[in-house]
Structure formats: structure tokens, C-alpha cells
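The sequence and structure are shown first, and the description follows.

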Amino acid sequence: MSPHVLILGGTGEARELAAALLAHGGVRVTTSLAGRVARPGAITGEVRIGGFGGSDGLTDWLREQHVDALVDATHPFAETITANAARATAATGVPAVVLRRPGWQPGPGDRWHSVASLAEAADLLPRLGRRIFLTTGRMGLAAFAHVTDRHFVVRSVEPPQPPMPPHTEVLLARGPFTVADESTLFHDHRIEVLVTKDSGGRATSAKLTAARDLRLPVVIVRRPPLPDGVTTAPDVSGVLSWLGLAPQ
């Protein structure tokens, strides 16, 4: 029987890993998606949609599907599923690794304000500006709903749902975006502050470069800590090495 690898997906790295594993051959690959995006990008291999029902449900699924290894390639801020995966793999003894791209680091000219939460980011805004480009994900808008004296521009793949700030302009778009794209957006919408999460990676970093070029303040929400004792890899090659497979 081919070894079965479960990928907790939702990121570009998860899609890349699924394709790389299947290219090696002799591996059964299942990618699990939470189902929050109606039209996810194409994924190679088996795909399951929806939650597991907490750590107990994931524990049962790992056993029922005879999973030999789990790769948590979820978003760095998907702390609930990461915690559930850590508990489930500990309970079953299934080897696990967390694929986490490195976080962003400030460079010369950056005006970053690091905060621990979305609530802290909202509290900081009155000191920084009146027109805010909010790129913290449509699920996090509730943390800013009480901010009634600022104008928010929110970019999302799918329309966000209330609660959200009363003065919110929604831009429906899917990246990646270039520095020129972001600079034009900042100019056209008269943006004074950028608020984002430390997602890391190059796919969404153009907005940071544009903000630096325009000398705009950036509020960066720090990542939640990983569960104690988890194994991590910074990229797909690192996961392949952890699995004992040579990168192709």
C-alpha cells in the first residue's frame, strides 16, 4: 500500500507540495481545505473539503484513512487547526511537520508598528491616519467594526460578511499583485496606513514595498506561536527532505 500523506492546505505551498509528492510517484496525497473559499485554486491529488470536527475528529480521520504523515501547510494564522493537528498527531503517533514560510522582516525605510492582535491594531489606528488599507482577511473585519471615524479599503477574493467597519470600501480581487499595482491602489484611494498580518512570502509582499516607497506607516500583526514541540520546515524542499524524498 502506498504511504498516505495528509496535507492541511489553503496556501500556495500546499498546492506546490501536493504536486511535488505526486510527481515522485508511489504516494497517496490528500489535501484538506477548510472550505472558506468557494473557488480554491487547482490542486493535484485527492481533495477533501470541510472541517474534521476538532482534534478528536481529526484523530479519527487519521486512523480511518491510515495516514502515514501529516503536513500542516495552513496559513500562519490558522492557529486552531494547527493546534488540533498537533493534538491529533500526538494521540495517533502520526509523524507531522508544520510548513511555515519565514515571516517578513523590516528593512531600511520601513515604518512598521508590530502588534500582537487585530484588536491592538485597531487601537493603534487613531495615531496613524484616517484612510486605511486593511489586508488582514475578510474573517478579521469584526475586530475593526467599532472604528467608526476611519475609512477602510478592504481587498478580498470573496465578499466579506458583517460585522465590519461602517465606512468600508470593498475591492474584490485575487493576487498576486505587483508593486506598481499596490502603489496605484494607495494613490487612487489616498491610503495613509497599511494594516496586514505577517503572512510572509513573496506573493503578498508587494504592498510592503509600495508602503516603504511611499513612506507610509504599516501595522504588522505578529504570528501566533506554534504549539510546543512541533517540527517545522520553511519550504516545500524542507518537507520533502523530512519525508525522505529528494527535491525534484
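The lining of the second largest pocket comprises, by class, four nonpolar, two polar and five charged residues. The model described here is a predicted one.

**The second largest pocket**

This pocket has a volume of about 200 Å³. Its lining consists of Glu13, Glu16, Arg101, Pro102, Gly201, Arg202, Ala203, Pro234, Asp235, Val236 and Ser237. Two elements, α1 and α7 (236-242), each give two or more residues to that lining.

**The cavity**

The structure also holds one cavity of 30 Å³ or more. The volume of the largest cavity is about 40 Å³. Thr11, Glu13, Ala73, Thr74, Pro76, Leu99, Arg100 and Arg101 form its lining. Sorted by class, these residues are three nonpolar, two polar and three charged.

**Salt bridges**

Side chains of opposite charge can pair when their charged atoms come close. In this model the count of salt bridges comes to seven. Among them is the pair of Glu13 and Arg101, whose closest N and O atoms are 2.7 Å apart. This pair joins distant parts of the chain: Glu13 belongs to helix α1 (residues 12-24), whereas Arg101 sits in the loop between β5 (96-99) and β6 (111-115), 88 residues apart. Glu13 and Arg101 are both buried.

Another salt bridge is formed by the side chains of Glu46 and Arg28, at 3.0 Å from N to O. Here too distant parts of the chain are linked, with Glu46 in strand β3 (residues 46-49) and Arg28 in strand β2 (residues 28-33), 18 residues apart. Glu46 is partly exposed, its relative accessible area being 36%. Arg28 is likewise partly exposed, with a value of 28%.

Asp149 and Arg150 form a further salt bridge, in which the closest N and O atoms are 3.3 Å apart.

| Glu13 | Arg101 | 2.7 Å |

**Strands and sheet**

Strands of a sheet pair through backbone hydrogen bonds, either parallel or antiparallel. An open sheet is formed by six strands in the order β3-β2-β1-β4-β5-β12, with parallel pairing. Its edge strands are β3 and β12 (232-233), each of which pairs on one side only. Within this sheet, strand β1 (residues 4-8) runs parallel to strand β4 (residues 69-72), and four bridges join them. The bridge partner of Val5 in β4 is Ala69.

Elsewhere, strand β7 (residues 131-135) and β8 run parallel and are joined by four bridges. Ile132 has Phe152 as its bridge partner in β8. Strand β8 also pairs in the parallel sense with strand β9 (residues 168-172), over five bridges. In β9, Glu169 is the bridge partner of Val153. Five of the six residues of strand β8 (residues 151-156) are buried, so this strand is largely enclosed by the rest of the structure.

**The largest nonpolar core**

The largest nonpolar core has 19 residues, and those with the most contacts inside it are Leu134, Phe144, Phe152, Val195 and Val219. At least two residues of this core come from each of α4 (118-124), β7, β8, β10 (193-197) and β11 (217-221). With four residues, α4 gives the most.

**Backbone features in loops**

Two cis peptide bonds may be noted. The bond from Pro162 to Pro163 is cis, with omega near 5 degrees, and Pro163 lies in the loop between β8 and β9. The bond from Gly175 to Pro176 is also cis, with omega near 10 degrees; Pro176 lies in the loop between β9 and α5 (179-188).

Arg190, although not a glycine, has a positive phi of about 50 degrees. Arg190 is located in the loop between α5 and β10 and is exposed, with a relative accessible area of 55%. Arg215, which is not a glycine either, has a positive phi of about 60 degrees. Arg215 is found in the loop between α6 (206-213) and β11 and is partly exposed, at 46% relative accessible area.

How values were computed. Residues are numbered from 1 along each chain as its sequence is written. This is a predicted model: local features need pLDDT of at least 70, side-chain atom pairs count only at pLDDT 80 or more; totals for chains, interfaces and linings use all residues. Side-chain values use heavy atoms; hydrogens and water are left out. Buried means under 20% relative accessible area, exposed over 50%, partly exposed in between (1.4 Å probe, protein chains only). Two strands pair if DSSP finds at least two bridges between them. A salt bridge is a side-chain nitrogen of Lys or Arg within 4 Å of a carboxyl oxygen of Asp or Glu. On a 1 Å grid over the protein atoms alone, a cavity is a set of points where a 1.4 Å probe fits but cannot get out, and a pocket is an open set with protein on both sides within 12 Å along at least five of seven lines; lining residues have an atom within 4 Å of a point. Grid points are joined across faces, edges and corners, and a volume is the space filled by probe spheres set on the points. Ala, Val, Leu, Ile, Met, Phe, Trp, Tyr, Cys and Pro count as nonpolar, Asp, Glu, Lys and Arg as charged, and the others, Gly among them, as polar. A nonpolar core is a set of buried Ala, Val, Leu, Ile, Met, Phe, Trp, Tyr and Cys residues joined through side-chain atoms within 4.5 Å.
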